[in-house]
Amino acid sequence: MAFNVGTINDDWYLKVTAIPVAAAPLTMHLLWRQASVDTFQMLFSMDCAGPDRFMLYHRLEGQGCARARDGVNIGDAFSSGSPIALNTWHSIGGVFVSYISRYCFVDGVPGVEQTTDVTPSGMTDTWIGRDSTGSGGAASGYFAEAAVWNDALTTAEMESLAEGLSPKGVRPQNLVFCVPLVRDNHDDIVGGLSLSATGSPTVVPHPRIIHPYPPSYTKGTGAPPSFVPYPRPRGARAGMAELVGGMH
Amino acid sequence: MASGDTIAKFVPQQNEPPASNYATYDTRNQHPVLDFDAATNESAVFSDVLARHYGGSGTTVNLHIAMSSAEAGDTDWDVSFERIGDEQQDLDSDGFAAVQSTDNTTVPGTTGLVQIISITFTNGAQMDNIAVGEGYRIKVTRDATSDTAAGDAELRFVEIKET
């Protein structure tokens, strides 16, 4: 089940007072199904009360946008390709390569590189369905599989996400925030953050998703049991040395 | 390998959803499940390599199903195999054998109770002639347009055993 934030007038959203990564290189991605064609819908943001932020948003033109903003400059990278259609799940991503390079991906297709010198800093909050500027740009529709990496993913990796591969299966060693939004659970299963819901968001059918999984194995005569890795436990950071799993 | 022994088993996380009309991932009391709609025929697909200890006497596919809300009515299920094999199936197209079905299974009187529904396959054409050591896919479809139970059906496990 995915997360329905209603219409732009509902101003329902998820938020946590923490950010998973503070500076580029980083990648933000989620799956979004918009319910109404409204301008400037804030989809996913790491920001603060001031202007500084990394965020993904939607424009009336049907484009996605990956924005980096600081106290001086705004760097908006727009998507290219087909417009974001209504009532269909789309992959929306922002790859912030450096302070002078960023791209917006929609359905695995990159837009033109944006190169304005922007260095956001001091962010404090992570939002899904809105940002700190208020309800004026609240998003409509459904969200699922929000994720942040502390590195710039490649085009091939963004294509994998667009094909439906779970963020858990894309460069997991750099995955620092993953909120699948299955049913009414809005926990970050990688970084251990717990987002709070505002308003009355509801659950809706989850989008098509392919989970990474260990092979299915059935012991035949004389065959040894296999080791099955468990998902990284909550609170564990990417790169932590750990051995988790069980005998199968 | 003996009759009744497990050949393979699958859980919801192993679903390789089709491009459209796919069963959707969900949880129920933290149990991962795949939701099959009540109005549209939706499918889940799993893949594996046929275990070398399969003895050739056919298989039984056991679907472990709970209902989201229904406590009356019945469900219909279609299952089919696709042999990938050794230069047998072009991955760019689908080649599932004809479905085998179990229809009109009355749902449990309590939602959340998991019911095991069995569908049998004879060796050979019904299993798309998969040989041991060959890759294959299995597709599970709820025939929702024919069955009567309201609400989603939740697939919890799939087991393939030697009949």
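## A guided tour of chains A and B

Start with chain A: among its contacts (heavy atoms within 4.5 Å) with a separation of 6 or more, 65% join residues 24 or more positions apart. What you have open is a predicted model, where local features need pLDDT of at least 70 and side-chain atom pairs count only at pLDDT 80 or more, while totals for chains, interfaces and linings use all residues. Residues are numbered from 1 along each chain as its sequence is written, chains are lettered from A and ligands numbered from 1 in the order written, and side-chain values use heavy atoms, with hydrogens and water left out.

**Stop 1: chain A as a whole.** Switch to a cartoon view. Chain A has 1 helix and 17 strands; these are DSSP runs numbered from the N terminus, with helices being H or I of at least four residues and strands E of at least two. Of the 248 residues in chain A, 51% are buried. Buried means under 20% relative accessible area, exposed means over 50%, and partly exposed lies in between, using a 1.4 Å probe and protein chains only.

Stop 2: Select residues 155–162 of chain A, which form α1. Its buried residues are A:Glu157, A:Met158 and A:Leu161. Look down the axis of α1(A): these buried residues fall within an arc of 100°, so they line one face of the helix. The arc is taken from the directions from the helix axis to the C-beta atoms. Now show the chain A strands that the buried residues pack against: β3 (26–33), β8 (90–98), β9 (101–106) and β12 (142–149). Just after α1(A), pick A:Gly164, which has a positive phi of about 110°.

Stop 3: Rolling a probe the size of a water molecule over the atoms shows where empty space is left. A cavity is a set of points, on a 1 Å grid over the protein atoms alone, where a 1.4 Å probe fits but cannot get out, and lining residues have an atom within 4 Å of a point. The structure holds 1 cavity of 30 Å³ or more. The largest cavity has about 50 Å³ of space, a volume filled by probe spheres set on grid points joined across faces, edges and corners. To find the largest cavity, select its lining, which includes A:His206, A:Arg208, B:Tyr22 and B:Leu34.

Stop 4: Is B:Asp35 buried or exposed? B:Asp35 is buried, at a relative accessible area of 1%, and sits in strand β3 (residues 31–36) of chain B. Leaving aside residues up to four places away in sequence, B:Asp35 touches several residues, among them A:Met1, B:Glu42 and B:Asp152.

Next, pick B:Asp94, in the loop between β6 (74–83) and β7 (100–106) of chain B. B:Asp94 counts as exposed, at 57% relative accessibility. Beyond residues up to four places away in sequence, B:Asp94 touches B:Glu82, B:Gln89 and B:Arg137. From B:Asp94 to B:Ala149, the separation is 55 residues in sequence and 30 Å in space, C-alpha to C-alpha.

Note on methods
1 Å grid on protein atoms, 1.4 Å probe; cavity = no way out; pocket = protein on both sides within 12 Å on 5 of 7 lines; lining within 4 Å.
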